[in-house]
Amino acid sequence: MIKKMTCIECPKGCTLSVDIENCKVAKVDGAKCPKGTAYAVSEAESPVRIFTATVMADGLNLKLVPVRTDKPIPKRDIFKAAEETGRMRIKAPLEAGDTIIENFLGLGVKLVATREATRLTGR
Ligand code: SF4
């Protein structure tokens with residue numbers, strides 16, 4: 001099966017033609033450098049994404065705190081990650097970049113806040 005994809009490793013955006021056989025990349029055409037081939041293999045065989053979401057806050061100035069993983073996680077775990085952040089509640093103030101979970105879903109990545117949240121005054 002030939003799959004077309006665009007390499008996102010640099011602004012050139014080469015169009016890659018990826019021959020996939022039995023879930024493995026057999027051949028990559030169109031890459032102008034080795035990074036494109038590596039990208040095609042990763043994207044076709046084990047795609048990863050940075051996970052972003054919002055987490056409900058309690059007693060803070062934000063109702064929803066934006067979060068993200070510090071590294072990409074397997075695409076197959078994105079739904080599980082969304083379920084997990086959907087159950088979470090943040091109650092303590094935090095700074096942008098603070099780690100909320102050190103080993104998120106046991107994937108070896110951190111879940112970090114991307115925005116400061118302060119305690120609501122008058123509580
Ligand atoms: S294949 Fe190489 S040159 Fe082409 S977009 Fe990817 S990184 Fe850039």
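Tutor: The expected span of a helix is 1.5 Å times one less than its number of residues. Helix H1 covers residues 34–45, which is 12 residues, so at 1.5 Å a residue it should span 16 Å. Its end C-alpha atoms are 17 Å apart, which agrees. Keep in mind that this is a predicted model.

Next, consider which residues of H1 are buried. A residue counts as buried if 20 or more other C-beta atoms lie within 10 Å of its own, and as exposed if 12 or fewer do. In H1, the buried residues are Gly36, Tyr39 and Ala40. Viewed down the axis of H1, these buried residues fall within an arc of 100°, so they line one face of the helix. The general rule behind such a pattern is that an α-helix has 3.6 residues a turn, so residues three or four places apart point the same way. Among the elements that cover the buried residues of H1 are strand S1 (2–6), strand S2 (15–21) and strand S3 (24–29).

On the other side of H1, Pro34 and Glu45 are exposed.

The loop between S2 and S3 contains Asn22. Asn22 has a positive phi of about 50°, although it is not a glycine. With 6 other C-beta atoms within 10 Å, Asn22 is exposed. Leu105 also has a positive phi, about 55°, and is not a glycine. Leu105 is in the loop between strand S9 (99–101) and strand S10 (111–113). Because 17 other C-beta atoms lie within 10 Å of it, Leu105 is partly exposed.

Now the ligand. The residues around it include Lys35 and Gly36, and Gly36 is also one of the buried residues of H1. Others around the ligand include Cys7, Cys10, Cys14 and Cys33. By kind, the shell around the ligand divides into five nonpolar, two polar and four charged residues.

The other helix is H2 (78–87), and the loop between H2 and strand S8 (89–90) holds Met88. Met88 has 15 C-beta neighbours inside 10 Å, so it counts as partly exposed. Met88 and Met56 are 32 residues apart along the chain, while their C-alpha atoms are separated by 6.7 Å.

Last, the whole chain. The protein chain has two helices and 10 strands, and along the sequence they follow the pattern β-β-β-α-β-β-β-β-α-β-β-β. Its radius of gyration is 19 Å, whereas a compact globule of 123 residues would have one near 14 Å. Along the principal axes, the C-alpha atoms fill a box of roughly 60 × 30 × 20 Å. Buried residues make up 19% of the 123 residues. Of the contacts with a separation of 6 or more, 47% are between residues 24 or more positions apart.

Technical notes
Residues are numbered from 1 along each chain as its sequence is written. This is a predicted model: local features need pLDDT of at least 70, side-chain atom pairs count only at pLDDT 80 or more; totals for chains, interfaces and linings use all residues. Helices (H or I, at least four residues) and strands (E, at least two) are DSSP runs, numbered from the N terminus. The radius of gyration is taken over C-alpha atoms; the globule rule is 2.2 Å times the number of residues to the power 0.38. Two residues are in contact if their C-beta atoms, placed from the backbone, lie within 7 Å. A residue is near a molecule or strand if its C-beta atom, placed from the backbone, lies within 6 Å of it. Ala, Val, Leu, Ile, Met, Phe, Trp, Tyr, Cys and Pro count as nonpolar, Asp, Glu, Lys and Arg as charged, and the others, Gly among them, as polar. The arc is that of the directions from the helix axis to the C-beta atoms.
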